[in-house]
Structures are given as C-alpha cells and as structure tokens.
Amino acid sequence: MSAKNSSHIWDLVEAKREAFFALSDRIWEMPELNYEEYQSSAEHTAMLEQQGFRIARGVAGIPTAVMGEAGEGGPVIAILGEYDALPGLSQEAGIAEQKPVNAGGNGHGCGHNLLGSGSLMAATAVKEYLEVHGLKGRVRYYGCPAEEGGSAKGFMVRAGVFDDVDVAISWHPAAFAGINNPISLACNEINFHFSGRSSHAAASPHLGRSALDAVELMNVGVNYMREHMPSTARIHYAVTDTGGSAPNVVQARATVRYLIRARDLPEMQGLLRRVQKIAEGAALMTETTVRSEIVSGDANLIGNTPLEQLMHQNLERLGPPYSTNETKPLLRKSRRP
Ligand SMILES: [Zn+2]
C-alpha cells in the first residue's frame with residue numbers, strides 16, 4: 001500500500017472514531033461473561049447494520065457470534081473482534097486506580113471492550129476503501145464470543161465459517177504499538193477427577209484410599225516429567241477440589257486441572273498422553289480411580305510473515321499513537337507518585 005493510500009484509509013478511520021469510541025464505552029458498561037455476551041453482541045450487530053454490512057447471526061450455531069460482510073469477489077479479509085468480560089474485574093471508567101462499580105462484578109480485562117469495536121472500525125474503513133476505489137475484495141468482521149477462555153473460535157473453525165477466508169487479522173492492546181510476531185502455543189485444558197474411599201484418618205486410616213494423595217503424587221510425577229519435555233512446552237496445574245477441608249477425613253474425591261501447552265498439536269498430544277499415564281500411575285499407587293475430562297483445546301496460532309512485514313511498514317508510516325486532550329490528564333494522574 002502506498003503512503004497516499006494508507007493515509008486515505010487512516011482518514012476513513014478518523015472520520016468515524018467518535019461512533020466507535022462510543023461503542024467500546026457501551027461495551028465497557030455492560031460486561032458480560034463468555035457465551036453470555038447477548039447485549040454486547042447485539043451492540044456489534046447494530047453497528048454492522050448501521051455501517052451497511054450483510055449480516056449472518058448466530059454463526060456456527062453460537063447465539064452470541066455474528067459475522068458482517070461487505071464487498072464483492074476478490075480475496076476475503078477477516079478482521080476478528082471479541083467482547084466478553086471476566087468475573088471480578090468490575091471497574092469504574094476513566095480512572096487509573098482500582099474502583100469497582102459492583103464489588104465482585106464482571107469487568108473488561110486489558111482493554112477487551114476495545115477489541116470488537118476497534119476491529120469493526122477497521123472493517124468499516126476497509127469496506128469504504130474498497131467502495132471508493134472500486135476494488136474487488138470482501139471484508140468481514142467476525143464477532144467472536146468467549147475470548148476469555150471458552151475457545152469459541154475453535155468451534156467456529158470446526159463449523160467451517162473461516163474456510164474461504166484468505167487472511168484473518170486480530171489485535172490486542174499492549175504496552176507497545178507494533179506487529180506482534182504471534183506466539184500462541186497449542187493448549188489443552190483437562191480435569192483429572194480422582195475417586196477413593198473415605199474413612200476416619202485417625203481411627204481407621206488403613207480403610208481409606210485418598211484421592212488427594214493421588215493428586216499430590218500426580219503433581220510430583222508431572223514435575224519430574226518437566227525435565228524431559230521440550231523447553232518450549234508449558235504445563236501448569238491448580239487443585240480445584242481438595243475433597244474437603246477436614247484433615248481427619250480421608251478425602252474420597254479430589255480434582256486437579258491441568259493446562260498443557262506446546263508448539264503444535266502433535267507435540268501437545270504427545271505430552272497429554274504422558275500426563276495421562278502419570279495420572280493412571282498415581283491412581284494405581286493409591287488404589288483410587290481417575291477419570292479425565294477435556295475442558296477445552298486450541299491449536300497454535302500460525303503467523304503470516306509477509307503480511308506482518310507489510311502491516312509493520314504501514315504502521316511505521318503512521319507513527320506512534322498520539323494522546324488526546326481527554327487522555328493526557330489521565331496519563332499525568334496515573335504517573336503521579
Ligand atoms: Zn487480554
């Protein structure tokens with residue numbers, strides 16, 4: 001893209017900034033958790049309608065997923081946006097210190113109210129650029145639910161909604177402005193539920209079979225495995241059910257949740273099989289049983305280096321983000337000792 005063209009598309013973005021700032025503010029005010037983003041999805045759908053996109057609702061059978069398309073023929077450029085929030089992050093807008101609107105309520109972490117609005121603004125600018133220049137090409141905005149865990153994009157891929165897409169672009173707020181060389185490992189989330197036999201830990205310890213012992217032994221086993229796995233892989237765990245809080249009761253049930261991350265799917269599946277063997281070993285040692293339950297799974301992200309380089313060149317031409325009169329006082333305030 002020439003300097004003239006990139007400045008034209010920037011003008012198209014600037015012309016609509018207020019409407020999209022307002023959209024991201026509305027999303028901030030209605031924080032909804034993954035797969036429950038009904039109002040937020042409706043706000044994005046209304047904006048797609050207002051900007052003249054052809055709309056597909058309930059994409060991939062997910063009620064809060066939406067897709068808007070514009071243009072004819074040519075390559076299909078997808079710009080992905082999200083709008084789900086996290087529990088416990090309720091926060092008043094416009095201040096740099098923690099102040100929940102409702103204690104313990106939902107809120108948008110790391111600027112997630114901006115993700116959908118920014119992407120939809122970009123898709124709108126590309127739509128208008130194609131129209132003004134009479135270019136062939138289709139631009140799509142995909143409103144993707146459940147970015148904060150929930151793997152909605154995986155279900156959307158499986159349903160084939162990206163099959164004819166040539167390029168998919170997403171973004172995330174960060175402490176720098178630039179093109180992110182995407183490192184997003186393949187990831188599997190899996191619960192291991194152990195079942196044993198309860199008994200009084202002092203009166204009849206020999207009758208008990210502790211599910212919590214099995215969890216502890218499993219974690220020890222996996223920690224020994226760490227030395228013998230690719231250094232790019234990551235494994236972490238949390239005990240989500242200790243089986244109770246009384247130490248004088250042998251715990252008849254316990255659950256540990258594992259996250260296994262690796263460079264690609266074959267590497268991740270290999271590690272998953274090894275972790276499963278360790279779980280079975282822990283069950284064998286403690287005379288308990290184990291049941292594993294996959295919570296979610298995602299493939300690794302595959303980058304597009306030539307496109308990233310091109311985007312970087314354009315970003316360099318635009319220069320760093322500027323602060324406005326509204327954001328300057330806020331920046332000063334947050335830097336105050
Ligand atoms: Zn984030």
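Predicted model: local features only at pLDDT ≥ 70, side-chain atom pairs only at ≥ 80, totals over all residues.
Let me give you the overall picture. The protein has 9 helices and 9 strands. Its C-alpha trace spans about 80 × 45 × 40 Å along the principal axes. Of its 337 residues, 38% count as buried. If you take the contacts with a separation of 6 or more, 73% of them are between residues 24 or more positions apart.

Now to the metal. Which residues coordinate the zinc ion? Here the donors are Cys110 through SG, His112 through NE2 and His172 through NE2, at 2.0 to 2.3 Å. Along the chain, these donors follow the spacing C-x1-H-x59-H. Cys110 and His172 link distant parts of the chain, 62 residues apart. Cys110 belongs to the loop between β3 (76-82) and α4 (112-133), while His172 belongs to the loop between β5 (167-169) and β6.

How accessible are those two? Cys110 counts as exposed because its relative accessibility is 53%, and exposed means over 50%. His172, at 38%, counts as partly exposed.

The helix I just mentioned, α4, deserves a moment. It has 22 residues and reaches 32 Å from its first C-alpha to its last, close to the 32 Å expected at 1.5 Å a residue. Is α4 enclosed or open? It is largely enclosed by the rest of the structure, because 16 of its 22 residues are buried. Just after α4 comes Gly134, with a positive phi of about 60°.

On to the nonpolar cores. A general point to start with: in soluble globular proteins, nonpolar side chains tend to be buried together. In this model, the largest nonpolar core has 27 residues. The members that touch the most others are Phe192, Phe194, Met218, Ile235, Tyr258, Ile260 and Val275. Two or more residues each come from β6, α6, β8 (253-262) and α7 (265-286). The largest share, 8 residues, is from α7. Apart from this core lies another one of 23 residues, including Val13, Ala70, Ala125 and Val126.

Next, a residue I'd like you to find on the screen: Ser210. Where is Ser210 placed? Look in the loop between β6 (186-195) and α6 (211-225). Ser210 counts as buried because its relative accessibility is 9%, and the cut-off for buried is under 20%. What does its side chain reach? The side chain of Ser210 comes to 3.2 Å from the backbone nitrogen of Leu212. A polar atom of that side chain also lies 2.9 Å from the backbone nitrogen of Asp213. Leaving aside neighbours within four places in sequence, Ser210 is in contact with Val250, Gln251, Thr286 and Thr288.

At the other end of α6 we can look at Arg226, found in the loop between α6 and β7 (234-241). With a relative accessible area of 31%, Arg226 is partly exposed. Again setting aside neighbours within four places in sequence, Arg226 is in contact with Ile235 and Tyr237. You have met Ile235 already, among the core residues that touch the most other members.

Last topic: backbone angles. Ser151 lies in the loop between β4 (137-144) and α5 (152-158), and it is buried, with a relative accessible area of 13%.

Glu287 is in the loop between α7 and β9 (289-298). Is Glu287 buried or exposed? Its relative accessible area is 55%, which means that Glu287 is exposed.

Key. Residues numbered from 1 in each chain as written. Heavy atoms only, no water. Helix = DSSP H or I, 4+ residues; strand = E, 2+ residues; numbered from the N terminus. Buried < 20%, exposed > 50% of the residue type's maximum accessible area, 1.4 Å probe, protein only. Polar contact = N/O pair within 3.5 Å; in protein donor to acceptor, adjacent residues only side chain to side chain. Contact = heavy atoms within 4.5 Å. Donors = N, O, S within 2.8 Å, 3.2 Å for Na, K, Ca; no water. Core = buried A, V, L, I, M, F, W, Y, C linked by side-chain atoms within 4.5 Å. Expected span 1.5 Å × (residues − 1).
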